[in-house]
Amino acid sequence: MGRKILFVTTDQQRYDTLGCNGGALARTPVVDGLAAQGIRFERVHPQSVVCMPSRSTILTGQHPTTHGVWMNGVPLPLEAPSVADVLHRAGYRTALVGKAHFEPFLDPFLRFPENALSRTGTVPPGGLHRGFEHLELATHGGIGPLHYAQWLAAEHPGAVGGFYPVLDGSLQVNGAGGGDTGAPQVKANPIARGIYHTDWVADRTIAWLDSLGADEDWFCWMSFPDPHHPWDPPESEVGRIDWREVPLPAGYPEDRSEREAVIDGKPRHWRLWYDGTLVSNYEAPATWVPATLTPDQVREVNARNAVECELVDEALGRVLGRIGERGWTDEVDVVFTTDHGELQGDFGLLFKGPYHVDALMRLPLVWRPAPSASATPSVVTRPVGLVDLAPTFCTIAGIEPLPWMQGGSLPMDDADAEARGFERVLTEWDSDIFGTDVHLRTIMRDRWVCTAYLPGTSHDGTEGELYDLVDDPLQRHNRWDDPAMRPIRDDLVDDLWSSQPPSRRDRLVLESPV
Amino acid sequence: MTATRGSVRHQVRLAHPPDEVWEVLGAPERVHEWFPGIDSCTVDGDQRVVVTHAGLPMPEHLLTVDPTLRRLQYRITAPMFVEHLGTIDVLDLDDGTCLVVYGTDAEPAALALVIGGAARAALAYLPTFMGTDAPAS
C-alpha cells in the first residue's frame with residue numbers, strides 16, 4: 001500500500017484569497033491547516049493564465065508550447081500524455097470529479113468525450129479517459145451536458161435558472177450586471193447550498209472514495225469550478241461578508257487618473273481593453289468596458305468571491321473528514337492549488353486575459369505530504385510552476401517522473417529548491433481569433449517578472465514588461481524601457497528565450513471559443 | 001472577442017479524384033455518413049434537418065448544389081444564428097487528388113468557431129471515410 005493522493009484544484013483563484021497567504025477576507029481554516037502541517041509555496045506561476053492550457057499542463061507536465069493547447073477552445077489531443085495514466089498503470093485507482101476542461105465546452109455535436117460522458121454514466125467507454133477510470137464533471141452553471149447540470153435538471157429543475165447565464169444570447173461571455181452594484185457576472189442565486197456545485201463536487205468525491213477498498217491506492221483530482229466567475233454563490237451564504245465593509249484591494253488604485261497612468265505605462269492592449277476598444281480573447285465579456293468598473297463593484301465582486309472560497313474550504317473539510325473516517329489520513333497527500341488567477345479589481349480590471357501580472361500568475365499552492373512521510377513543515381519562496389505537479393505526483397507514488405515531463409518534483413523547502421535548480425518559471429500566452437492576435441512570453445526569476453511581446457495585431461514585437469517584485473510588488477511601474485534596467489532586462493530576455501521548451505510540430509486548431 | 005461575425009476555413013487534400021469525393025460531399029442526404037456528430041438527416045427539397053449527437057435538430061436551407069463547380073452551400077436557420085453560410089468546395093488538383101475546402105461564416109462569431117471546429121473534424125475524418133489512412137501529402 002502506497003501513499004494516496006487527493007489533488008484539489010479551484011478555478012481562477014488568487015494567491016491572496018487564502019488566510020495562510022495573508023488573505024483577510026475569506027476564512028479558509030482547512031487549507032490554512034494543511035499549510036501549517038505541510039509546505040506552502042509563495043511563488044507559484046501557471047504556464048498559461050487560462051483554463052484549458054493550464055489544466056493541460058497540470059495533466060501532462062508539459063508547457064503549452066509542447067502539449068499544444070495554446071488557448072481555450074483548443075482540445076488536448078486524446079493521445080496526449082497524462083500523469084493520471086501513469087498512476088493508473090502503477091496500480092492507482094483514478095478519478096476526476098468536477099471541472100475537467102481539457103476539451104471545449106461549446107459542443108452541440110457532442111464530439112468531445114467529456115461532454116458526451118454523462119449520457120452513459122461515469123465510466124468512460126473503453127474504461128479510461130486520459131487515465132481516469134471515473135469522471136463526474138461539472139462547470140460554472142446548471143446548463144449543459146455535464147453530469148452536474150444533468151443531475152440538477154433531473155433532480156432539482158427549479159434550481160437551474162437561478163444561476164447567472166455565463167454566456168449571453170450571442171454566445172459571448174455575458175456582461176450583464178447584477179447584485180447590489182450592477183457588477184458584471186454577479187447574480188443572486190436562490191439555489192440551496194447543498195445542491196450548489198461546490199458541495200456536489202465534494203459529495204461525489206466522497207461517494208467515489210466510499211466505493212474503494214480500504215487498501216487500494218488512489219489518485220483523486222477534486223476540481224471545484226469556483227471561485228471562477230460568475231459570482232453567484234448560494235444567496236443564503238452571501239451574508240457571510242458584507243461587501244460594503246470590504247476594503248478595496250491594494251492592486252486597485254481608486255483614483256482614476258492614477259489608475260489610468262499605471263495602465264498607460266504598460267503595452268497598449270492594456271489601455272485598449274480598459275477603454276473597451278479591444279477584447280483580444282474570449283475570456284472577458286466583449287460588451288463590458290472595464291473603465292466603468294466602480295469601487296463598490298470591486299467590493300461586491302471580492303465579497304462574493306470570498307464567499308465562494310469559503311464554501312470550497314468547507315467542502316474540502318468534509319472530504320478530509322471522510323478520509324479520516326476511512327482511516328486513511330496518515331497515508332494521504334493533499335495538494336491544493338488552482339489553474340490561474342483573477343484580476344479581481346487590480347488595475348481597474350476583472351476576469352483574465354493577456355496580462356502577466358501577479359493577479360493572474362501568482363497562485364496558491366499547499367502540499368500537505370502524507371503524515372506517514374514525516375515531512376517537516378516549510379515555506380518555499382523559490383519559484384515553481386504547475387508544470388511541476390505531474391512529477392510530484394509520480395514521486396509521491398514512488399514512480400520515477402517520466403521523461404516527457406518538463407518540470408521537477410516540488411521541493412520540500414528552499415534548500416531543496418536551490419539544490420535542485422528551481423530558479424525560473426515560464427508562462428506563455430497566444431491568442432489568435434478573427435484577425436486579432438497577441439503573443440507573450442514571460443519569465444519569473446530572482447525578484448523579476450519579465451514579459452517579452454511577439455508581433456501581433458496590437459504589438460510590433462519590441463514591447464515588454466519588467467517588474468521588480470521587491471520594490472514594486474503591485475507591478476505598477478513597468479521598467480522595460482528604463483535604461484538603467486537594460487542589463488537586467490537583457491539578461492532575463494536571454495534566459496527567457498534560451499529556456500523555451502520544445503514546440504509541438506503541428507499547430508493545434510481552435511475548435512470552439514471555450 | 002469583439003467581432004460579431006466570424007469566418008473560418010479548413011481544408012484537407014484527399015488522394016481521390018474530385019468526382020469521387022463530390023459523389024459523397026455533393027449528396028446533401030449523406031452528410032451524417034461523413035460528418036462526426038451528426039447522427040441523422042432528412043432532406044425535403046431545399047430544406048435539410050440534421051440531428052446532432054446531442055439530439056439537437058438543426059434546420060438548414062440548401063442554397064447551392066453545383067456538380068460542375070463541385071460546390072455545396074447551405075445556411076443553418078436555427079434561431080441562435082443571426083446568419084450562417086457553409087461552403088464546401090471540392091477542387092481538382094489535376095493529379096488524381098483533390099482539395100476539399102470548408103468555409104464557415106456565422107453571426108454570432110462564436111458559432112463560426114463551433115461549427116467550423118466540427119467541420120474541421122469532419123474533414124479530418126474524410127480520408128478514413130473514403131478508405132484511405134491519411135490525407136494526401
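This is a predicted model: local features need pLDDT of at least 70, side-chain atom pairs count only at pLDDT 80 or more; totals for chains, interfaces and linings use all residues.

A: Residues are numbered from 1 along each chain as its sequence is written, and chains are lettered from A and ligands numbered from 1 in the order in which they are written.

Chain B holds an open sheet of 7 strands with antiparallel pairing, in the order S1-S7-S6-S5-S4-S3-S2. Strands (E, at least two residues) and helices (H or I, at least four residues) are DSSP runs, numbered from the N terminus. Two strands pair if DSSP finds at least two bridges between them. Strands S1 (6-14) and S2 (38-44) of chain B are the edge strands, and each pairs on one side only. From one strand to the next, the twist averages 20°. Axes here are lines fitted to C-alpha atoms, for helices over the stretch in contact, and angles run from 0 to 180 degrees between N-to-C directions.

Strand S4 (residues 57-66) of chain B runs antiparallel to strand S5 (residues 71-76) of chain B, and 6 bridges join them. Thr64(B) has Gln73(B), in S5(B), as its bridge partner.

S5(B) in turn pairs with S6(B) in the antiparallel sense, over 4 bridges.

Between S6(B) and S7(B) the antiparallel pairing extends over 10 bridges. The bridge partner of Leu91(B) is Leu99(B), in S7(B). S6(B) and S7(B) also form a hairpin, with 5 residues between them, and Asp94(B) in the turn has a positive phi of about 60°.

Helices accompany these strands. Helix H1 (residues 18-25) of chain B lies across S1, S5, strand S6 (83-92) and strand S7 (98-107) of chain B, and runs at about 155° to S6(B). Helix H3 (residues 109-129) of chain B packs on the sheet as well, touching S1 and S7 of chain B, with a direction that makes about 5° with that of S1(B). Contact between two residues requires their C-beta atoms, placed from the backbone, to lie within 7 Å.
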